[in-house]
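Here's a quick briefing to read alongside the structure. Take a look at the model first, then work through the points below.

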Amino acid sequence: QQVATITLKIDGKEIETKEVTFEEGDVLYDVMVANFTIEAKDGFITSIDDHKQDEAAGKYWLYDINGEMALKGAQEVTLESGDTVLFKLEEMK
């Protein structure tokens, strides 16, 4: 079993941190679906645990892995044990 830490923040305020377990080779999207209530559109996560992005306000779910901004969708990222993932619902500037 592999372990990663997933944190959710909204406008800079932490709302949840969860340690999750997964199998080697699992992609981030599947791990999110297994541990949170997720809505997605075109492969992009649009809602986590009923916290929805607001396109009118320019607020979207973005995420970092190990402090680096992710450049791929969650379905394209293979998690590794020890990863820290930070999902942020914030205004895109």
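Which side chain does the side chain of Asp64 make a polar contact with? That partner is the side chain of Lys88, at 3.2 Å; a polar contact is a pair of N or O atoms within 3.5 Å, where within protein one must be able to donate a hydrogen and the other to accept it, and residues adjacent in sequence count only if both atoms are side-chain atoms. Keep in mind that this is a predicted model, where local features need pLDDT of at least 70, side-chain atom pairs count only at pLDDT 80 or more, and totals for chains, interfaces and linings use all residues. Residues are numbered from 1 along each chain as its sequence is written, and side-chain values use heavy atoms, with hydrogens and water left out.

**Asp64**
- You'll find Asp64 in strand S6, residues 59–65 (strands are DSSP runs of E, at least two residues, numbered from the N terminus).
- Asp64 counts as buried because its relative accessibility is 14%, and buried means under 20% relative accessible area with a 1.4 Å probe, protein chains only.
- Setting aside neighbours within four places in sequence, Asp64 is in contact (heavy atoms within 4.5 Å) with residues including Met69, Thr84 and Lys88.

**Tyr63**
- Tyr63 lies in strand S6 too, and Tyr63 is buried, with a relative accessible area of 9%.
- The side chain of Tyr63 reaches the backbone oxygen of Lys72 at 2.6 Å and the backbone oxygen of Gly73 at 3.4 Å.
- Tyr63 and Val20 are 43 residues apart along the chain, and their C-alpha atoms are separated by 16 Å.

How values were computed. Helices (H or I, at least four residues) and strands (E, at least two) are DSSP runs, numbered from the N terminus. Buried means under 20% relative accessible area, exposed over 50%, partly exposed in between (1.4 Å probe, protein chains only).
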